[in-house]
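I opened my notebook to get to know a new structure. Here is what I looked up, entry by entry.

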Amino acid sequence: MVRVTSSTENVGRINMTVVGGIQRDRHKRAGKPKLIRMRKKYSRFFVTINTQQVPKSEEDADRRAVELEHAVQKFFAMMHDTGFGLKLVPDQFDSFNIRRINAKFGVEIGEGSRGAAYGRVHVHMDIAITHLLDDCKLDFAVIREFFPRELHLNTAIHLDVKIVPDGNRPMDYVEKHLDEVTEVNYVNPERPPEADDDPRNV
């Protein structure tokens, strides 16, 4: 006769925890955590921010372009450090769950119309985020509040965001017309400090 034993009698209770994006299956009998590799996900966006500002001179155009470039650099630095500008599911920022932020952006001054020498100052951004979360989106409200404040604007910006399917290269057509495209790359450590002794690669 075959004797059937319950899982609790045989192996004891199993505790599931997530630390730094690593799912640990703690098995009482084995005595060591079994580390399960979690699948990386990718969220990519093509973003255009139009300041709605028209420069009055070449000097004014240069100043506004530099200010917008600095604001974009600050935006990405804050996104990396604190998850600023992101909507995460689950709603908890963890530097190990946001693995990479890779972006290209280019500031552009549009062509003038109706006799104007300059068009509006705007920026195109191609943002790719590698993460271990259920979902990762951009927070439109935060973006709409951040850029007018950083640029000392009294008017709202125009924000356009498109989700980019895999394999598309949305910056290609923009790069052909821009004098300069800046790349931003943030890469977080592959393993949390408390897991330095764990035999794993994520």
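**Entry 1: the core.** I began with the largest nonpolar core, which has 32 residues; Ile-49, Phe-76, Met-125 and Phe-147 touch the most other members. By nonpolar core I mean a set of buried Ala, Val, Leu, Ile, Met, Phe, Trp, Tyr and Cys residues joined through side-chain atoms within 4.5 Å. Buried stands for under 20% relative accessible area, exposed for over 50%, and partly exposed for in between (1.4 Å probe, protein chains only). I then looked up the elements that give two or more residues to this core: strands S4 (41-50), S5 (86-89), S6 (98-111), S7 (118-131) and S8 (135-138), with helices H2 (58-82) and H3 (140-151). Helices (H or I, at least four residues) and strands (E, at least two) are DSSP runs, numbered from the N terminus. Which element brings the largest share of this core? H2 does, with six residues. As general background, nonpolar side chains tend to be buried together in soluble globular proteins.

**Entry 2: how I read the model.** The model is predicted, and local features need pLDDT of at least 70, side-chain atom pairs count only at pLDDT 80 or more, while totals for chains, interfaces and linings use all residues. Residues are numbered from 1 along each chain as its sequence is written, and side-chain values use heavy atoms, with hydrogens and water left out.

**Entry 3: around Ile-49.** Leaving aside residues up to four places away in sequence, I found Ile-49 touching Val-121, His-122, Val-123, Met-125, Ile-143, Phe-147, Ile-157, His-158 and Leu-159. Contact here means heavy atoms within 4.5 Å.

**Entry 4: H2 against H3.** These two helices, H2 and H3, pack at an angle of about 135°, and their axes are 10 Å apart. Axes are lines fitted to C-alpha atoms, for helices over the stretch in contact, and angles run from 0 to 180 degrees between N-to-C directions. H2 and H3 are therefore oblique to each other; angles under 35 degrees count as roughly parallel, over 145 as roughly antiparallel, 65 to 115 as roughly perpendicular and the rest as oblique. I looked up the residues that meet: Glu-67, Leu-68, Ala-71, Val-72, Lys-74, Phe-75 and Met-78 from H2, and Ile-143, Phe-146, Phe-147, Glu-150 and Leu-151 from H3. The residues of this contact divide into nine nonpolar, no polar and three charged.

**Entry 5: His-70.** His-70 is in helix H2. Is His-70 buried or exposed? His-70 counts as exposed, at 53% relative accessibility.

**Entry 6: the loops.** In the loop between S5 and S6 I found Pro-90, joined to Val-89 by a cis peptide bond with omega about 0°. Gln-52 lies in the loop between S4 and H2; its phi is positive, about 65°, although Gln-52 is not a glycine. Gln-52 is partly exposed, at 30% relative accessible area. His-152 counts as exposed, at 68% relative accessibility.

**Entry 7: the whole chain.** I counted four helices and 10 strands in the chain. Of the 202 residues of the chain, 38% count as buried.

Key:
Nonpolar A, V, L, I, M, F, W, Y, C, P; charged D, E, K, R; others polar.
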